[in-house]
Amino acid sequence: MLQNTGKLAGCTLFITGASRGIGKAIALKAAKDGANIVIAAKTAEPHPKLPGTIYTAAQEVEAAGGKALACVVDIRDEKQVGEAVQKAVDRFGGIDILVNNASAISLTGTLETPIKKVDLMLGINLRGTYMTSKMVIPHLLKSRRPHILNLSPPLNLNPTWFKNHTAYTMAKYGMSMCVLGMAEEFRGQIAINALWPKTAIQTAAMDMLGGEGIAKQCRTADIIADAAYAILSQPKDYTGHFLVDEDILKEHGVCDFDQYAVQPGDLMQTQQPSVPSQSCGSMMVFDWSPGHPLLPDFFLDEAPETLVKQMEQHGEHAGVWFLDLKSGSGSAGQGQPPVKADVVMAMDSADFSKMFLGQLKPTMAFMSGKLRIKGDMTLAIKLEKLMSHMSKAKL
């Protein structure tokens, strides 16, 4: 782990979405220096599926050595954001650092994404980040250590990262565009950077998306907290960077990344980012054309042309097969499905055989480009669990 140096002692951090997950991890890392933490999040009452509230997070911050202010904030609400900013200034005398962490996700295609969900993602990721930054910046301009850190990816325009979830990519890239524009606008006055994980991070949200067992393919939020700490310890002329957690920590002398794995001993063997795969209680269609389990994150592919080449592979057994897991007792067969499929998957028949036998993980097949998915991506996340059960079954 990256050692604390005390550089954030006495600094006030305003962190959105800090009641759990990555936001809370960053808060606790800063709290060890004796920082003041404003926990700006919606969860005031316990959630039936997600752990923690702004008040339990505040207790953890103070136990770690910091001072905490819990504020109920929906960052889509201009009044709530403004009131929280003012409370922070009244309580701690100012704000030094803003961490835009709050985010919403829906891995669905254009036709499958309700406008209400589009509004949610754009409202939180893009508008919320922009509005919170706008309200905090006047106070950052008075600080001796002014920083904004957005949890958002490098601006990768490879169409691969748009075609399956255009709305989510637009919303997430909106946060990155705030970094691109504001870093230049306030150059020399405020350090404004973006941070993104190289691998999937184990959080309650990831558990809900990926289901049981997905955690062992992730790193803990501690790696993001350490990387954020390294960035926020820099002077204000360190700005305009789109940073990846592993890269920034390597620059600061961290060599052992196994310590961040949920299941130590897992080393990532691929550069391709991933959307996990799924399908239980849904219809899947498989279209046959004649390392390690750590999941890389979205948007970080380094060779999209390699992915395209892999997608053009062909197999020996061309054809269409369907698997119905939602109609009655279920069915499977060759040819078009009797009802419209929720998810369409295409891959080489030999690779599917390996996947069915447990020799190829669906997540790794997707990451390497061997498995293509069209439709509701969230319905593809449980495929690995399904395949695991099928491979263990006595057929």
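At what angle do helix α3 (residues 78-92) and helix α4 (residues 115-140) pack, and how far apart are their axes? The legends below begin with an overview and then answer this question in the second view.

**View 1. Overview of the predicted model.** This is a predicted model in which local features need pLDDT of at least 70 and side-chain atom pairs count only at pLDDT 80 or more, whereas totals for chains, interfaces and linings use all residues. Residues are numbered from 1 along each chain as its sequence is written, and side-chain values use heavy atoms, with hydrogens and water left out. The protein has 13 helices and 12 strands; helices (H or I, at least four residues) and strands (E, at least two) are DSSP runs, numbered from the N terminus. Of the 395 residues in the protein, 55% are buried; buried means under 20% relative accessible area, exposed over 50%, and partly exposed in between (1.4 Å probe, protein chains only). The accessible surface comes to about 17,400 Å², and carbon and sulfur atoms account for 55% of this surface. Accessible areas come from the Shrake-Rupley method with a 1.4 Å probe, and for residues only the protein chains shown count as cover.

**View 2. Packing of helices α3 and α4.** Two packed helices are described by the angle between their axes and the distance between the axes. Helices α3 and α4 pack at an angle of about 25 degrees, and their axes are 10 Å apart. This angle makes α3 roughly parallel to α4. Axes are lines fitted to C-alpha atoms, for helices over the stretch in contact, and angles run from 0 to 180 degrees between N-to-C directions. Angles under 35 degrees count as roughly parallel, over 145 as roughly antiparallel, 65 to 115 as roughly perpendicular and the rest as oblique. The crossing of α3 and α4 is right-handed; a crossing is left-handed if the near helix is turned anticlockwise from the far one by less than a right angle, and right-handed if clockwise.

View 3. The axes of α1 and α2 cross at roughly 25 degrees and come within 8 Å. The two helices, α1 and α2, are therefore roughly parallel to each other, and α1 passes α2 in a right-handed crossing. The side chains of Lys24 and Glu60 meet in a salt bridge (3.0 Å, N to O). This pair links distant parts of the chain, with Lys24 in helix α1 (residues 21-31) and Glu60 in helix α2 (residues 54-63), 36 residues apart. Glu60 is partly exposed, at 33% relative accessibility.

**View 4. Salt bridges elsewhere in the structure.** Side chains of opposite charge can pair when their charged atoms come close. A salt bridge is a side-chain nitrogen of Lys or Arg within 4 Å of a carboxyl oxygen of Asp or Glu, and a search of the whole structure finds 7 salt bridges. One of them joins the side chains of Asp74 and Arg76 (2.9 Å, N to O). Asp74 is buried, with a relative accessible area of 17%, while Arg76 is partly exposed at 32%. A network of salt bridges links Lys198, Arg219, Glu246 and Lys250. Within helix α9 (residues 245-251), Lys250 and Glu246 are 4 residues apart, which means that about one helical turn separates them. Their side chains meet in a salt bridge (3.2 Å, N to O). Lys250 is partly exposed at 46% relative accessible area, whereas Glu246 is buried at 8%.

View 5. Helix α8 (residues 222-232) is mostly covered, with 10 of its 11 residues buried. Among the buried residues are Ile223, Asp226, Tyr229 and Leu232. Lys216 lies in the loop between α7 (204-210) and α8 and is partly exposed, at 42% relative accessibility. The C-alpha atoms of Lys216 and Ala261 are separated by 7.7 Å, although the two residues are 45 residues apart along the chain.

**View 6. The loop residue Phe186.** Phe186 is placed in the loop between α6 (166-185) and β6 (191-196). This residue, Phe186, is buried at 13% relative accessibility. Phe186 and Thr239 are 53 residues apart in sequence, and their C-alpha atoms are 9.3 Å apart in space.
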